[in-house]
Structure formats: C-alpha cells, structure tokens
Amino acid sequence: MLRLEGKLVVVVGGGRVAERKISGLLASGALVVVVSPETTGELQRLSSAGKIEWVQRPFLQEDLKGAFMIFATTNNTVLNKLVKDSAEPHQLVTVADDPDGSDFHLPSSFHRGRLTIAVSTGGASPTLARKIREELEQEFDETYKDYLEFLFMKRKWIIAEVANADLKSKLLTAIVSDEFLNSHDREGDFQRLYEGMI
C-alpha cells in the first residue's frame, strides 16, 4: 500500500480504462492529471467538478515532470510504450496493455473504514480481480467500518493502560471475535470482559 495523498499521478489516456483507474485514485487523495485530447463523460464531469485536472491535448514528455506515479492507458501500444520510456527511473509506471513491462499493478480494492481489502491477479485478469472483490464486498459489509474503529480505539487503550503482558494479549485476542463484531454494545461487552479478567 502506498500513501498517495498530495502526490502527483499522471494518467495518459481518457477512456474507460483511465476512468476505472482514476475512480480508485480519487479516494487516495492523489493529485490526478489526465492527458488526452478526449475523455469519457465521467472524466469530463470530474474535471468540471475540480476533482481532476484534464490536459486536453496529445501526450508530451514534459507531462510526466514531477509525477510520482504514471498510468499509460491509451489504446495505442506505441504511445503507451513512449510514455513508459519517457519516465524517469524513479517514477512508477503501469502500462495497461503490458502488465509484464509495468512497475506495479493496481489491485481491485475497497474500504470499510480502516479496513482495506485489495485483490490482484498480477495483471492476468483485472476482470477476475473485480469479480472476487465484489464477492468480498458482500462478506465484509458496512458492519466492519464501526468494528474496525472500535478495534483501533481499544487497541490503543489496551497498549497504554494494561501493564500485564498476558492480560494485554488476552484482551487483544478476545476483541477479535464474532461476538464483538456482531455486538450491539461493544463498549459494555468490553468493560465486562475486562472486569472479568482482572
């Protein structure tokens, strides 16, 4: 997982592939610039809303200046290779039609609060990755959003307040359970658990 907040990400190409990549990037806080003479209606909407910057012209090598990450998503193999070859050694590049020549693969992912689940097929089949992700979205539903926040806060409290290492380990293990996941009173259940162990 890379922290992309505030980092410049350049997407060359404005079609459906670019649209899918950008939808995932927006949640990361990356500064997304799209370089393409034309884009989909959705990308135009995002540009009008100020969510992305659209450079409406063909790709130029200078478009990559300052980019942390680069996506070559056009339907032109020669142009995609030019984008890859124009990048500096320190820049991460993924090429839509050349998984083996890419520096990374973007997984199909979703979030439930602090929980992030990502699925990658190593470039073999983004369609299969998306299908598996959709199945996992059903299993790890919105319940996990509040549950992860509870786990985060309780872990901090246990580490700070519980000196006994054995008790600390038992508490951290006990709260990762279906009982706490499905509880309607996690705070109360935790208090009762803690008092029963001390």
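This short talk goes through the aromatic pairs and the nonpolar cores of the structure above.

Before I start, please keep in mind that this is a predicted model, in which local features need pLDDT of at least 70 and side-chain atom pairs count only at pLDDT 80 or more, while totals for chains, interfaces and linings use all residues. Residues are numbered from 1 along each chain as its sequence is written, and side-chain values use heavy atoms, with hydrogens and water left out.

Let me begin with the rings. A pair of aromatic rings is described by the distance of the centres and the angle of the planes. Rings of Phe, Tyr and Trp (for Trp, its six-membered ring) pair if their centres lie within 6.5 Å, and planes under 30 degrees apart count as stacked, over 60 as edge-to-face and the rest as tilted. The structure holds 7 aromatic pairs. In one of them, the ring centres of tryptophan 157 and tyrosine 194 are 5.3 Å apart with the planes at 90°, so this pair is edge-to-face. Because tryptophan 157 lies in helix α5 (residues 143-161) and tyrosine 194 in helix α8 (residues 186-197), the pair ties together parts that are 37 residues apart in sequence; helices here are DSSP runs of H or I with at least four residues, strands are runs of E with at least two, and both are numbered from the N terminus.

Tyrosine 194 also pairs with phenylalanine 190, with centres 6.3 Å apart and planes at 10°, so that pair is stacked. Both residues lie in helix α8, 4 residues apart, about one turn of the helix.

Which of these residues are buried? Tyrosine 194 counts as buried at 18% relative accessibility, and phenylalanine 190 counts as buried at 2%, whereas tryptophan 157, at 31%, counts as partly exposed. Buried means under 20% relative accessible area, exposed means over 50%, and partly exposed is in between, with a 1.4 Å probe and protein chains only.

Phenylalanine 190 leads us to the largest nonpolar core, which has 20 residues, and where Tyr147, Phe150, Leu171, Ile175 and Phe190 have the most contacts inside it. Such a core is a set of buried Ala, Val, Leu, Ile, Met, Phe, Trp, Tyr and Cys residues joined through side-chain atoms within 4.5 Å. The largest share of this core, 6 residues, comes from α5. Leaving aside its neighbours within four places in sequence, leucine 171 is in contact (heavy atoms within 4.5 Å) with Ile158, Val162, Phe190, Leu193, Tyr194 and Met197.
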